[in-house]
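I opened this notebook to keep track of what I looked up, entry by entry, and in what order.

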Amino acid sequence: MHTPHNEPERLRLLHDLQILDTPREPAFDRLTALAAELLDAPIALITLIDANRVWFKSAVGLDACQTGRDLSLCNHTVDSRRPLLIEDALADPRFAAPPLVSGAPHIRFYAGIPLMPDGRHVLGTLCVIDRRPRQLSASQLHLLETLAGQVEELLKLHHHRLLFDHESLRSQKRAARYEAIVRGAAAGIVRIDSQGHILEINDFALRLLGYQRDELLGSNVSRLMPMRWAVDHDQYLRNYHASGEAHIIGKGRRVEAQHRDGHAIPVHLAVSQVHYDDATQSCDFIGILSDLSEVQTANHLLERQQQLLGVLHRGLTDYQALMSGNRLWSFLKQALRELTRSDYALIGEVLTVDDQPALKIHAITDLSWDDASRQLMEQFKEGRMLLSNPNSLLGRVFADGQTVLRNDMQAHTPHSAFPPGHPALSNFLGVPILDQGEVIGMFAIANGAQPYSAELVEWLEPFISTCALLIKLYRQLNERDSFTEQLRQARDQAENASRAKSEFLSSMSHELRTPLNAILGFAQLLQNSQKYPLGERQQRQVEQIYKSGQHLLTLINEVLDLARIEAGQINLSIERIQLGDVLEDACTTLMPIARQYGIDLQLPQGLGSACWLQADYTRLKQVLINLITNAIKYNRAQGRVQLDCQRHDGCVRVVVRDTGIGIPADRLDQLFQPFNRLGAESGSIEGTGVGLALTRKLLELMDGRIGVRSEQGVGSEFWFELPHGEDATVGATEASRGRSETAPPALEEPEAPTLRVLYIEDNPANQRLLQELFEELDGFVLHCAHSAELGLELACSQPPQLILLDINLPGMDGYQAMQWLAGNPVTRAIPVIGLSASAMPDDLRKAAAAGFRAYLTKPLDIPRLLTLLDQFARTERA
Ligand code: ADP
C-alpha cells in the first residue's frame, strides 16, 4: 500500500479528532442518507482512513462498519486530495481488480469527495456507491461536494466540542483546585467587592473569627475589625477609589481582627486588588490573614524571658551595690511584681525565734488603708515585725514550706481573714525560698494580671534560686559585718586595756619614783654624811636600803619599758651606727662593775670599730648593757666576758660569751619570759627577771633577733643579730664626697662674728659627723647635746643662733622639744632645723606643721645642709 508523505501528521490529526470507533451520530447519518437519496445511490458512506483500515462513521446500504484500507477505493483520495469518480470500475483498469469490485458489494460506480477539515490533510471521504455503472452530472457532483463540506463542518464541530469538553474539564478541575486551596488554606482568605461586602470567606477565616459562612456573606467586612478601624473603613475604601491612596492594599501589615465574641486577634493582613472586567473597571479585593496569636505569645514569652534574665543578671552582677542598705529586698520585691505583673508583693527572710520559724518581712508593697495599717506597714518595712502564726496564709509558706496558690480568693477566703479595709485580693501565690531543703525565705504576690499557675512557679525557678543565693550572701555579709564589729570592739577593748595599763604603769612609776628619789637621796646623804657618820652596822643597813632602792628603780624602769613596747608606744630612731662606738660606750659604763666582780671584760679585736649596723643607738646600748651585765653577774670568780662580732648575710652578729654557771638545757625555753629568773631568785645574785624579755623585744623592734647557747658549769653564749648598715668606707666616702663635690659656699668674710649652732642628737656617730663638718666651716661653732632635756637647758643658758634638732631622742622627743622652744620667750626666735631618719609623707607633713625652719632627713644631704647654713649666715649678718 502506498503511504502518503504526510501520513504521520494526517494520522495524528485523525486520532486527535477522537472520532474513530465512536457510536453512530444522527448528524452524520442524516448526511449519508441525504447523499444516497439525492444521488439515488444504494450506498453512501462517511469514511475515515486509519492506518490500516477505513472506518465508516456513517453508512447507508452497507452493514459493515469498516474495510481494509488496501481494499478501499477511498484511499485513493488521500494522495490526490481530489474527488475520485469511477463510472464503471470493471471498465477501469485501475480498479477492476479489487475484491470489492469483483466480489460483494460488487462496486461498479464510486464517487468520493475527500474530507479535509483543516484544508490540507485528507482524513476520509463522503462517497456514494452503486452496483451498476453510472455517470454523475456536474450538479450532482457539486451536491456531493456540498454535502462533503457539511461533513467537514461536522468533523470540525466534533473537534471543537472535544476541545471545549477538554477545556471545560480543565477549568472545572482548576476551579475545584482553587476552591480546595482557598478552603483548605492555612490562612484566612476573604474576598470583598469594591464596596466592602464579603463575597467569599474560607474555613480558616471563619474558624479564626468564630463565624458561620452565611452570617458573613454579603455583610460589610468592617464587622471583622475592631471598632476604632471599622468606623473609618467605608470612607477609607471611598478615598482609595477616588485617589488611589493605599494604606494596606498591595502591602501587608500587622493589624488586629475582631473575633465574633469581641476579643482582638493579632493578624498579618495582606490585601490585593483583583480586576475582572476592564470594561466596567469593577474590582474585588482579596485579603489574606495569618494568625499571629502564637507569634505574639512567643514574643511575649521571649520578652518575659528576657525580663527574667535581666533581673537575674542584675542580681548576680550588681550584688555588691544591692547588698548596701535595704536595696536588695526592694529590688527583689520590685522585680517580682514586674515579672509576675502583680499589684502586690512581699519578700522576707525566715528566722528561728524560740525554736520556731518566724518571717521577717524585708520589703512589701504598701497596701495600707488607714493610719493603723500605715504604722503596721512601717514596722514591716523596718523589719521590726515578725510573723509567726504557722496557720495563716503566709504561715503555710514560711513555716511548712508549702507553695500556696489561690486564684479564687474571693470565693474561698472568708472575708474575716483580712482586717476591715484591707484591699480585696483576687489571687495569691506564696512560694518558699529554699536552701538545701531549709526554708530561708519566702515571697508572696497578689492580684496578678493573669491567674497564677504552677507553670509560673516553674518559670520563676531561676529567680527563686537567685533569691536564695542573694539571701545567703546577705546573711554572710551581715555575719561578716557583725564579726568585724566584734573584732573592732575587741580591739578597742584591748587598746583601752593597754592604754589603761600603760597609764597605770606610768603613773605608778611616777608615784614610785618620787618616794624612791627620797629613799635613795637620803640613803646617800646618810652614807656620805661627814657631820653625822654612821656606825658600821648602820652603814651596812643604809647600804642595803640604797641597794634595794636601786634595785627597785631598775625594776621600775624595765617594767615600764616592757609595757611601753607592748603598748606600741616606743619610738625608735633607726640609724646607721658604728658598732664600735656602742660597744665602747657600754663597756665604759660596765667596766667598774666588771672590776667589782673580778671579771675580765674583753672588747672585740678590730672588727667592732669597722662594723656599721642599722639600730637605735640608745636601745642597742641598753641591749648590750643587759647582756654584758648578765654575763658578769652569772659568771664565776675571776671569770671572763668576751665580746665578739661577725658579719654575715646582711647582718651583724654580736656575741657575748661568759665563763659562768651556764643555764640548764631544760630551762632555756623559759629564758625570755618576763619575771622568770630560772631559779636565780633564790640565790644571792640580784636581778628582776625582766632584762632578757626586754632585750628580745627591743631587738625585734630593730628587726633583729636573739639566741643563746649554754653549757652548765662551762658558760653561756648570748648572741644577737641586727641588719648591717653600709660599709664604713662607703659612708665616709659619701660624707666626704658630699663636701668635696659641691663647691662649699663662701660662708662668711673672715672678720664676721662666729655663729653658735646647737646640735641636739643622741647618736655619737652623727654628732661626730657634724663636728667634723663644722670644723671645716669658718664662722660657725658647734655645740652638741645628747638629749633634748640637756639641749633645752643649753639653749636657755647660752642661746645659739641656730638649733639642729634630732627628732627621735630618748626621753623628750624632737617635737616636744620644738614645742618647748617655741613656748619659751628666750628660745622662741631661734630658728630650728629638724633632722630625722623618719621620711614618710606623714612625717614630713607633721614636721611642716611643727614650725621647723627646715626639715632634713637622714642620711643627711650634706650639700643641702651647707646651702641652708649659708642662707642662714647671710640673713643673720645682713
Ligand atoms: P635577771 O634580772 O634575773 O638577770 P634576766 O631577764 O636578765 O633577769 O635573766 C633571766 C634569767 O636568766 C636570770 O635570772 C638568770 O637565771 C638567767 N641568765 C641570764 N643570763 C645568764 C647568763 N649569762 N648565765 C647564766 N644565766 C643567765
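The entries below follow the order in which I went through the structure.

**Entry 1: the model.** I note before anything else that this is a predicted model, and I read the entries that follow with that in mind.

**Entry 2: the shell around the ligand.** I began with the residues around the ligand, of which there are 20, and I found that N630, Y634, R677, T688 and L692 come nearest. The largest share belongs to α20, which contributes three residues.

**Entry 3: polar atoms at the ligand.** I looked next at individual atom pairs, beginning with the side chain of D658, where an N or O atom is 2.9 Å from a nitrogen atom of the ligand. For the backbone, I recorded a polar atom of T688 at 2.7 Å from a ligand oxygen, and a polar backbone atom of G691 at 3.3 Å from an oxygen atom of the ligand. I also checked how much of the ligand the protein covers: on its own the ligand has 520 Å² of accessible area, and the protein covers 96% of that.

**Entry 4: the cavity.** How many cavities of 30 Å³ or more are there? My count came to one, and the space in the largest cavity is about 30 Å³. As its lining I wrote down Y178, V182, I189, V190, R191, E200, I201 and I286. Two or more of the lining residues come from each of α5 (138-184), β7 (188-193) and β8 (198-201), and β7 gives the most, with three residues. By class, I found that this lining divides into six nonpolar residues and two charged ones, with no polar residue.

**Entry 5: N676.** A polar atom of the N676 side chain lies 3.0 Å from the backbone nitrogen of L678. Leaving aside residues up to four places away in sequence, I found that N676 touches R667, Q670 and G689.

Note on methods. Residues numbered from 1 in each chain as written. Predicted model: local features only at pLDDT ≥ 70, side-chain atom pairs only at ≥ 80, totals over all residues. Heavy atoms only, no water. Near = heavy atom within 4 Å. Polar contact = N/O pair within 3.5 Å; in protein donor to acceptor, adjacent residues only side chain to side chain. Areas by Shrake-Rupley, 256 points an atom, 1.4 Å probe, with all protein chains shown as cover. Helix = DSSP H or I, 4+ residues; strand = E, 2+ residues; numbered from the N terminus. 1 Å grid on protein atoms, 1.4 Å probe; cavity = no way out; pocket = protein on both sides within 12 Å on 5 of 7 lines; lining within 4 Å. Points joined across faces, edges and corners; volume = space filled by probe spheres on them. Nonpolar A, V, L, I, M, F, W, Y, C, P; charged D, E, K, R; others polar. Contact = heavy atoms within 4.5 Å.
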